[in-house]
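Q: Before we go into particulars, could you show me how a set of structural features is read, one at a time?

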Amino acid sequence: MPRYMRKVALVAVTLVACAGAERESGHDAAPTATAPLTADGFCDAYAAHWCDANEACACVADAGCVARMKKSCQVQLMDPKTEAALEAEAMVFDGDRARAFIDTIDATACGDTFDTLGWSQRDLLDFGGVFSGTKQPGEVCSIPFFAAGPNECDGGVCVAAGDGYRCVAVADRGETCGLNTPRGEVRCLDLDAPVDSARLGGDRVFGPCVEGVCAEPLRDDMPCEADGWCASGRCDQIRRPTRYVVAHLDLDRFARPSDGTFDPADEDTFQYRLWVDIVDQHQAPRRMAVYMFRQTETDWGYSAMVDGEVVALGALAFDDDGALQIDYALTGGVSFEVTSELGPIELDFGDSVAEGGTGLDGTRLMDDTFGVRRLAGDQVVSTPFCAAPLPNGSACAFDGACASGACGGEGDRKVCLAADQPIGAACAADGDCASRVCVGGSCGAAWCR
């Protein structure tokens with residue numbers, strides 16, 4: 001099943017049927033009917049028709065399909081919140097539209113896109129007219145808008161507001177938008193544009209509001225607030241590599257002395273090892289180890305390393321009162337050159353006496369005390385801007401961020417995948433295919449078209 005089916009929540013993107021195909025179902029075939037559906041009967045009809053059509057598309061019979069799809073419908077469409085909203089008349093269920101939607105499942109050729117429905121983004125607001133909201137902008141709502149499901153708001157969307165949700169209006173291109181309009185908050189939605197499944201979910205469906213007016217999608221390098229603002233579908237921030245780390249420490253002047261030359265693998269050669277989060281030159285998070293080693297009662301050395309590579313090296317000299325007299329930073333000088341692409345990284349131990357400070361505001365010597373008062377690396381984040389889709393192998397969060405249209409992997413380790421499968425090859429998502437179209441059913445018979 002295409003990856004966006006799993007993300008967007010079921011019905012509108014799971015149209016799989018073959019008109020006129022012979023059917024050998026693992027369940028009773030869905031009856032032909034034209035009468036309006038009831039809300040109570042919607043999930044039963046949906047499950048029966050979906051499974052009947054799915055099995056007709058060259059898939060094996062699946063006796064458990066109806067029960068599974070009915071449960072999915074009840075969880076993602078007709079859940080208790082939806083039932084409560086219908087009971088309170090915060091939404092109205094249109095039985096004729098529901099029947100037409102079910103009939104569409106029977107009448108379409110095998111496929112899995114909104115193209116089959118002919119939906120525009122306007123249809124997202126009321127799920128093709130099946131669920132029509134009655135609440136006005138500013139009213140409290142309980143079902144957050146996820147771009148393909150029930151919506152309590154009349155011509156608007158239900159979005160997070162404080163500890164709950166409220167209805168906000170939407171506007172088409174050229175219309176007024178923003179947080180403080182005569183209609184309250186207004187978000188931009190290109191109402192007549194066809195539904196783009198890659199942009200469903202989160203803020204990716206909403207377009208740019210520029211100087212209080214709904215605008216065309218923005219070009220690369222233009223400032224943005226959400227992925228939906230960008231023609232590329234990607235609004236990004238750059239985290240610049242860490243080059244500066246603040247380390248304000250209390251060092252124990254009576255700590256045991258180091259045992260010879262510093263060796264990060266030998267705990268007898270250093271007194272303290274501290275960890276600080278940094279960002280590397282590829283915008284990836286890394287961890288840097290800072291080793292502190294005592295040479296004499298008032299002289300200490302330090303070395304900072306990332307995966308065994310030195311990124312900072314130096315020495316600290318204190319007076320008898322524990323004040324930092326001077327910080328000898330050796331990185332970048334004639335006595336030491338950092339070979340890692342990560343460095344050099346400057347460690348700021350505070351203003352020493354030599355720098356005009358008191359020597360006590362940053363790192364200092366204490367009697368029988370060790371502590372970390374401040375330890376942090378700079379992680380400068382740029383202003384968000386529209387960026388080109390990511391190449392294969394790049395870290396990603398959703399399919400639309402990738403040039404291939406496929407973001408996959410396990411857990412948080414997702415990367416853009418190649419889209420090179422030829423027509424007829426097995427696939428799991430549109431992004432797997434060179435044609436960008438993967439069709440088929442949930443039984444595994446999916447192929448590039």
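A: Let us begin with strand pairing: two strands pair if DSSP finds at least two bridges between them. In this model, which is predicted, strands β14 (residues 299–306) and β15 (residues 309–318) run antiparallel and are joined by eight bridges.

Q: What is the general idea about side chains along a strand?
A: In a regular strand the side chains alternate between the two faces of the sheet.

Q: Which strand does β4 pair with, and how many bridges join the two?
A: Strand β4 (residues 156–161) runs antiparallel to strand β5 (residues 164–171), and six bridges join them. Among the partners, alanine 160 is bridged to tyrosine 165 in β5, while glycine 156 has alanine 169 as its partner in that strand. The two strands β4 and β5 form a hairpin with two residues between them, and glycine 162 in the turn has a positive phi of about 65°.

Q: In which sense does β5 pair with β3, and in which sense with β7?
A: With strand β3 (residues 140–141), β5 pairs in the antiparallel sense over two bridges, and valine 140 has arginine 166 of β5 as its bridge partner. With β7, by contrast, β5 pairs in the parallel sense over three bridges, and here valine 170 stands opposite arginine 187 in β7.

Q: Is cysteine 188 buried or exposed, and what is it in contact with?
A: Burial is read from relative accessible area, with under 20% taken as buried and over 50% as exposed. Cysteine 188, found in strand β7 (residues 184–188), has 4% relative accessibility and therefore counts as buried. Leaving aside neighbours within four places in sequence, the contacts of cysteine 188 include Ala171, Cys177, Cys209 and Cys214, together with Val205, Phe206, Gly207 and Pro208.

Q: How are two packed helices described, in general?
A: Two packed helices are described by the angle between their axes and the distance between the axes. In this structure, the axes of α2 and helix α3 (residues 65–76) come within 8 Å and cross at roughly 135°. The helices α2 and α3 are therefore oblique to each other, and their crossing is right-handed. The residues that meet include Phe42, Tyr46 and Trp50 in α2, and Val66, Met69 and Cys73 in α3.

Q: Which residues of helix α4 are buried, and which are exposed?
A: In α4 (residues 80–87), the buried residues are Thr82, Ala85 and Leu86. They lie on the same side of α4, because the arc that they cover around the axis is only 100°. Pro80 and Glu87, on the other side of α4, are exposed. The elements that cover the buried residues of α4 include α2 (39–56), β1 (91–93) and β2 (131–133). The helix α4 is followed by glutamate 89, whose phi is positive, near 60°.

Q: Where do glutamate 211 and aspartate 368 lie, and what is the phi of each?
A: Glutamate 211 has a positive phi of about 55° although it is not a glycine, and its place is in the loop between β8 (209–210) and β9 (213–214). With 80% relative accessibility, glutamate 211 counts as exposed. Aspartate 368, likewise not a glycine, has a positive phi near 55° and lies in the loop between β18 (364–366) and β19 (371–377). At 60% relative accessibility, aspartate 368 also counts as exposed.

Q: How many helices and strands does the chain have, and what percentage of its residues count as buried?
A: The secondary structure comes to seven helices and 24 strands, and 48% of the 449 residues count as buried. Among contacts between residues at least 6 apart in sequence, 57% join residues at least 24 apart.

Terms used
Residues numbered from 1 in each chain as written. Predicted model: local features only at pLDDT ≥ 70, side-chain atom pairs only at ≥ 80, totals over all residues. Heavy atoms only, no water. Buried < 20%, exposed > 50% of the residue type's maximum accessible area, 1.4 Å probe, protein only. Helix = DSSP H or I, 4+ residues; strand = E, 2+ residues; numbered from the N terminus. Arc of directions from axis to C-beta. Contact = heavy atoms within 4.5 Å. Axes fitted to C-alpha atoms, helices over the stretch in contact; angles between N-to-C directions. Parallel < 35°, antiparallel > 145°, perpendicular 65-115°, else oblique. Left-handed = near helix turned anticlockwise from the far one by under 90°.
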